[in-house]
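This briefing goes through one protein chain by topic. Please keep the sequence and the structure in view while reading.

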Amino acid sequence: MSVAPSTSGGAVRSRVRDRRGSSRRSPRPLGRSSATPWIYLAPALVVLGGLLVYPVYQLGLISFLEYTQAQVSGGEPATFQGFGNYAELFGDREFWRVLLATVLFAAACVVSTLAVGCALAVLLTRVRAVPRLALMLAGLGAWATPAVTGSTVWLLLFDPDFGPVNRMLGIGDHSWTYGRYSAFLLVLLEVVWCSFPFVMVTVYAGIRAVPAEVLEAAALDGASQWRVWRSVLAPMLRPILVVVTIQSVIWDFKVFTQIYVMTNGGGIAGQNMVLNVYAYQKAFGSSQYSLGSAIGVVMLLILLAVTLVYLRLLRRQGEEL
C-alpha cells in the first residue's frame, strides 16, 4: 500500500523538476528570437538613419558655425561660433514675436481641426450609407489635395476681384490677405479644410468600435448628444484623441506652404510670419544659413518635447510602446 504513493509522488516531483528545468532553459531561445525583429528592421533603420540622422546632424552643425553666402561660395572659411547664433536668435524680438504667433496659430488650427473632425465623425454615425460615403470621399479628396493646389484654390475663392465668397457675402473688393488677422483666418480655414479628414476618419473608426449597448443605454437615460460625447465617447476614445491631437500639433506647428503661398511669403512687413517661413527667410532670403539652422533646431526641440509628452501620456494610459 505504501509503494504506490511513493512512486506517484516521485513521478510528480520529477515532472515538477522537468517543468522547472524547462522554465530555466526557456529564456535562451527567447533571447535569440528577440533579436529577429531587429534583423528584419535593420535595412529600414539604415535607410532612415541616412535620411534623418545625417540631415539633423548637418542642421545642428551649421547652427554652431558662421555660415553665410561667403562661406557657401568658398570665399571665406566657416568659423565656429558656439552658441553665438542662438544668443543672437534669442536676443531678437522678432523671433519671439514669430514664435508667439506660431504657437497661437497652431493652437487655433488644432482646436478647429479637432472640433470639425470630431463633429463630422459623429455625423457619419447618424447618416445613411450614401451620404456617409459622399462625405468620406469629399473629405479624403480634400486630404489628398497638395498643399500648393489647395492654397491656390482658396486664394481664388477669396479673391477680392473675382472670388465668389466676396460676392456671396456682399463685401465688395475686400482683401482677406491685407489684414493680419483676416489673413491668418484665411490660412486657418485652408489648414482645417485639408486636415480635418484625418481626424474625422480616425475618430469615426473609434466610435464604430464602441459597443452599441453603451450608446443605447445612454440614449435610454435621456442623455443629449453633447452629454453622450462628453461623458461616454470622449473618455472611451481618449487614446485616439491623444494621437490625433499630438499629430495635429506637429503638423500645424510646422505649417509652411499655406502661409508662404497665401500671404506671399509671410504677409505685409512679415505680419503673418510663422517659424518655418521665418527660418526660410533667414536662410535663403538673407543668406544667414546658420540662423536658419538654429531656428530649425529650436523647432526640432519643441516638437521632440511634444512627442515626449505624447509618449508619457500613452504610458500613463497603459499603452504598449
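The model is predicted. The chain holds 16 helices and 2 strands. Of its 321 residues, 33% are buried.

**Overall make-up**

- Among contacts in the chain with a separation of 6 or more, 66% join residues 24 or more positions apart.
- Leu 104 belongs to helix 6 and is exposed, its relative accessible area being 53%.

**Nonpolar cores**

- In soluble globular proteins, nonpolar side chains tend to be buried together.
- The largest nonpolar core has 35 residues, and those touching the most other members are Leu 89, Phe 95, Phe 105, Phe 253, Ile 259, Leu 275 and Tyr 278.
- Two or more residues of this core come from each of helix 5 (84-90), helix 6 (93-124), helix 10 (180-208), helix 14 (257-262), helix 15 (275-285) and helix 16 (289-316).
- Helix 16 contributes the most, with 7 residues.
- Ile 259, one of the residues with the most core neighbours, is in contact with Phe 105, Phe 184, Val 187, Asn 264, Gly 265, Gly 266, Asn 272, Val 274 and Val 277, leaving aside neighbours within four places in sequence.

**Helix 6 and helix 7**

- The axes of helix 6 and helix 7 (residues 129-144) come within 10 Å of each other and cross at roughly 155°.
- The two helices are therefore roughly antiparallel, since that term applies to angles over 145 degrees.
- Helix 6 passes helix 7 in a left-handed crossing.
- On the helix 6 side the contact is made by Leu 120, Leu 123 and Leu 124, and on the helix 7 side by Arg 132, Leu 135 and Met 136.
- By class, this contact between helix 6 and helix 7 has 5 nonpolar residues, no polar residues and 1 charged residue.

**Helix 11 and helix 12**

- Helix 11 (residues 212-220) and helix 12 (residues 225-236) have axes that come within 11 Å and cross at roughly 165°.
- Helix 11 and helix 12 are therefore roughly antiparallel to each other.
- Their crossing is right-handed.
- Helix 11 makes the contact with Val 214, Leu 215 and Ala 218, and helix 12 with Val 228, Val 232, Leu 233 and Met 236.
- The residues in the contact of helix 11 with helix 12 are 7 nonpolar, no polar and no charged.

- Asn 85 is found in helix 5 and is buried, with a relative accessible area of 6%.
- Leaving aside neighbours within four places in sequence, Asn 85 is in contact with Ile 62, Ser 63, Phe 64, Leu 65, Ser 290 and Leu 291.
- Pro 164 lies in helix 9 (residues 164-169).
- The relative accessible area of Pro 164 is 35%, so this residue is partly exposed.
- Leaving aside neighbours within four places in sequence, Pro 164 is in contact with Leu 156 and Leu 157.

- Most residues other than glycine have a negative phi.
- Asn 264, although not a glycine, has a positive phi of about 60°.
- This residue, Asn 264, lies in the loop between helix 14 and helix 15 and is exposed, with a relative accessible area of 71%.
- Asn 264 is also among the contacts of Ile 259.
- Ala 269 is not a glycine either, and has a positive phi of about 55°.
- Ala 269 is placed in the loop between helix 14 and helix 15 and is exposed, with a relative accessible area of 79%.

Terms used:
Residues numbered from 1 in each chain as written. Predicted model: local features only at pLDDT ≥ 70, side-chain atom pairs only at ≥ 80, totals over all residues. Heavy atoms only, no water. Core = buried A, V, L, I, M, F, W, Y, C linked by side-chain atoms within 4.5 Å. Buried < 20%, exposed > 50% of the residue type's maximum accessible area, 1.4 Å probe, protein only. Helix = DSSP H or I, 4+ residues; strand = E, 2+ residues; numbered from the N terminus. Contact = heavy atoms within 4.5 Å. Axes fitted to C-alpha atoms, helices over the stretch in contact; angles between N-to-C directions. Parallel < 35°, antiparallel > 145°, perpendicular 65-115°, else oblique. Left-handed = near helix turned anticlockwise from the far one by under 90°. Nonpolar A, V, L, I, M, F, W, Y, C, P; charged D, E, K, R; others polar.
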